[in-house]
Every structure is written in C-alpha cells, then in structure tokens.
Amino acid sequence: MQDIRLAIFDWDGTLMDSVGRIVACVQGAARDCELAVPAPAQIRQIIGLSLDVAMSRLFPLSSGSGSGSGSGSAFDERQIAALIDRYRHHYLHDATPSPLFSGAGELLHDWRSRGLQLAIATGKSRRGLDRVLDETGLRPLFVTSRGADEARSKPDPLMLEQILNELGLSTRQAVMIGDSVHDMAMAEAIAMPRIGVTWGVDSRDALSRHGPVAVVDSMTALRALL
C-alpha cells in the first residue's frame with residue numbers, strides 16, 4: 001500500500017467503542033414510541049447507516065401501501081422522525097460508556113506525524129460527529145470529514161467521492177477503514193482499497209466478502225499496514 005496518502009475512517013465501532021450505547025439508545029427510542037424493541041443483533045446490522053435509513057429498516061410500517069417488511073415497505077415519516085428525535089435524546093443522556101478503542105488515539109497521531117492525511121466518513125450526523133470530535137480532542141488530526149446528513153447513506157459512495165474531490169486525490173491514493181459491511185461495500189463501489197476491522201459490528205467472514213486488502217483484529221495490526 002505504498003501509494004496511500006489518505007486514510008478514511010468510519011467512526012462508530014472503528015475508532016469509538018460506541019456500539020453498546022447505540023443499541024441502548026435505539027431500544028430506548030423504540031420504548032418511547034411504544035414500538036417493539038429490536039434485539040441487539042438487529043440493531044448492530046444497521047449501525048453505520050444514516051438514522052433515517054436505519055430506523056426505516058428496523059421499524060417498517062405494517063399499514064398503508066407497503067407490506068410491512070423488506071426494503072419495499074412504506075414507512076410512516078412522522079414515526080421515523082419521532083424515533084430519530086428520541087434516539088438523539090437518549091444519546092445525549094445515556095450513560096453507557098463509549099470510549100475510544102485502546103490504541104486508536106496513538107494510531108491516529110502516529111499516522112498523522114508521518115504525513116498521512118486522515119478523514120472520517122460516518123453514519124453520524126454533522127452535529128453528532130462534531131460533538132465527539134470535540135469531546136475526544138481529535139478534531140485537529142483530520143483534514144476533512146463527512147456525516148450522514150451531508151451525503152447519501154452508506155453504502156452509497158458519495159461521501160467518499162466528496163472527500164476525494166475536496167482533496168484532489170484518486171481512489172487508489174486512499175483507503176477506507178471500517179468495521180461494517182456498509183463501509184466495505186461503500187469503498188468497493190468505487191474500487192477504493194479497504195481494510196476491515198473485527199472489533200466492531202461485523203465478522204471477519206462478512207467483511208471479507210467485499211474484497212478488502214486486509215481484515216485485522218487489533219490496532220497494532222492495523223497500524224503496521226501503513
């Protein structure tokens with residue numbers, strides 16, 4: 001990977017151990033809206049998607065023009081908006097710890113000190129991303145970032161294309177690093193090299209189906225690749 005000049009990171013499940021908090025907040029939103037509470041395994045499958053897409057997949061409408069299941073179902077926009085509002089409320093107040101993964105800060109500082117540019121492509125909103133960047137003190141390390149409300153939801157590659165265009169780089173000069181199949185599929189769609197990490201939501205087997213250059217099990221192994 002000699003030509004890589006930019007490392008683009010997913011956030012939740014890749015740099016921050018926030019999966020447990022996300023699960024708790026989605027379940028809290030469901031209870032607030034008096035809907036069936038999805039199991040943790042169901043919620044893990046939508047982590048990384050924009051909130052509107054994620055909630056629509058988790059809570060398909062059983063009435064109206066849709067059948068109530070599958071991607072073709074109709075969704076109650078007001079219900080989805082209410083779920084998103086309650087999710088955001090819970091995320092601000094939930095006490096589930098969501099620290100950076102061990103070694104994440106050191107990896108970012110090391111790569112940046114060696115001249116590698118860093119960016120973020122996340123399912124978080126701009127507001128949510130700005131909040132965690134300020135809380136962690138990592139904002140100065142990243143040259144740019146894209147949130148879910150600034151592009152189409154993963155696995156659409158638009159946010160990656162926006163980042164590349166902004167920095168004047170080609171797909172072969174960047175690598176996408178993420179813990180979900182949504183991250184891998186997004187990069188695969190534009191033939192960008194990609195690295196899967198197994199400490200987040202998806203397994204090695206699931207990540208490997210999207211042709212990554214590597215799938216790693218530790219920050220140490222990731223750090224050694226670039």
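Author: Cys25 counts as buried, at 0% relative accessibility. Buried means under 20% relative accessible area, exposed over 50%, and partly exposed in between, with a 1.4 Å probe and protein chains only. This is a predicted model, where local features need pLDDT of at least 70, side-chain atom pairs count only at pLDDT 80 or more, and totals for chains, interfaces and linings use all residues. Residues are numbered from 1 along each chain as its sequence is written, and side-chain values use heavy atoms, with hydrogens and water left out.

Reader: New topic, helices. How do α3 and α4 cross?
Author: The axes of α3 (residues 51-58) and α4 (residues 77-93) come within 10 Å and cross at roughly 115 degrees. That makes α3 roughly perpendicular to α4, a label for angles of 65 to 115 degrees. Axes are lines fitted to C-alpha atoms, for helices over the stretch in contact, and angles run from 0 to 180 degrees between N-to-C directions. Helices are DSSP runs (H or I, at least four residues), as are strands (E, at least two), numbered from the N terminus.

Reader: Which residues meet there?
Author: From α3, Leu51, Asp52, Met55 and Ser56. From α4, Ile80, Leu83, Ile84, Tyr87 and Arg88. By class, the contact has six nonpolar, one polar and two charged residues. Ala, Val, Leu, Ile, Met, Phe, Trp, Tyr, Cys and Pro count as nonpolar, Asp, Glu, Lys and Arg as charged, and the others, Gly among them, as polar.

Reader: What is Asp52 in contact with?
Author: Ile80 and Ile84, leaving aside neighbours within four places in sequence. Contact means heavy atoms within 4.5 Å. Asp52 and Ile80 are 28 residues apart in sequence, yet 6.7 Å apart in space, C-alpha to C-alpha. Asp52 is partly exposed, with a relative accessible area of 41%.

Reader: Last one. Which residues are buried in α5?
Author: In α5 (residues 104-113), Ala104, Gly105, Leu107, Leu108, Asp110 and Trp111. Their cover includes β1 (6-9), β2 (117-121), β4 (174-178) and α10 (219-223). Just after α5, Gly115 takes a positive phi of about 95 degrees.

Definitions and conventions: Angles under 35 degrees count as roughly parallel, over 145 as roughly antiparallel, 65 to 115 as roughly perpendicular and the rest as oblique.
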